Amino acid sequence: TTADLMDVVIGFNNGNTTTVLAGAYELYQNQPNPFNVETKVGFNLPKSETATITIFDVSGKVIKQVNQDFARGYNEVIFSKAELNASGILYYQLQTSEFTDTRKMLLID
């Protein structure tokens, strides 16, 4: 007989950091949200690879883009209100060669 193998992700969150031990692609909700100074966008990659994080407004205008090589496992990018120069509802997207996901965040004055 053959057994079906499943991709398992185990994560631990102590309130300030998240540790992901194995896995799959995942884009997490930014923390804090809403934010007025800075926010962290965390994500998990099952392998080391180049990824792009794009922040855009409700009209689709790109506000900020980060494209770099990230390690396998949990990664995060910090964005400040000053560098985004925007307010209100924004969207952020994680894109790799095999995965794309988008989430919403709120930047308040």
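Me: Strands (E, at least two residues) and helices (H or I, at least four) are DSSP runs, numbered from the N terminus. Between which two strands does the loop with Pro 32 lie?

Reply: This is a predicted model, in which local features need pLDDT of at least 70 and side-chain atom pairs count only at pLDDT 80 or more, while totals for chains, interfaces and linings use all residues. Residues are numbered from 1 along each chain as its sequence is written, and side-chain values use heavy atoms, with hydrogens and water left out. The peptide bond from Gln 31 to Pro 32 is cis, with omega near -10°. The loop that holds Pro 32 lies between β3 (26–27) and β4 (38–45).

Me: What is omega for the peptide bond from Asn 33 to Pro 34?

Reply: Pro 34 also sits in the loop between β3 and β4. The bond from Asn 33 to Pro 34 is cis, with omega near 5°.

Me: Which residue in β8 is the bridge partner of Asp 57?

Reply: In β8, the partner of Asp 57 is Leu 90.

Me: Is Asn 85 buried or exposed?

Reply: Asn 85 is not a glycine, yet its phi is positive, about 50°. The residue is found in the loop between α1 (81–84) and β8. Buried means under 20% relative accessible area, exposed over 50%, and partly exposed in between (1.4 Å probe, protein chains only). At a relative accessible area of 70%, Asn 85 is therefore exposed.

Me: How many residues apart in sequence are the parts that Tyr 25 and Phe 99 tie together?

Reply: Rings of Phe, Tyr and Trp (its six-membered ring) pair if their centres lie within 6.5 Å, with planes under 30 degrees apart counted as stacked, over 60 as edge-to-face and the rest as tilted. Tyr 25 and Phe 99 are stacked, at 5.0 Å centre to centre and 5° between the planes. Tyr 25 lies in the loop between β2 (18–20) and β3 and Phe 99 in the loop between β8 and β9, so the separation in sequence is 74 residues.

Me: What relative accessible area does Phe 43 have?

Reply: Phe 43 and Phe 70 form an edge-to-face pair, 4.9 Å centre to centre with 85° between the planes. Phe 70 counts as buried at 6% relative accessibility. Phe 43 is buried, with a relative accessible area of 0%.

Definitions and conventions
Two strands pair if DSSP finds at least two bridges between them.
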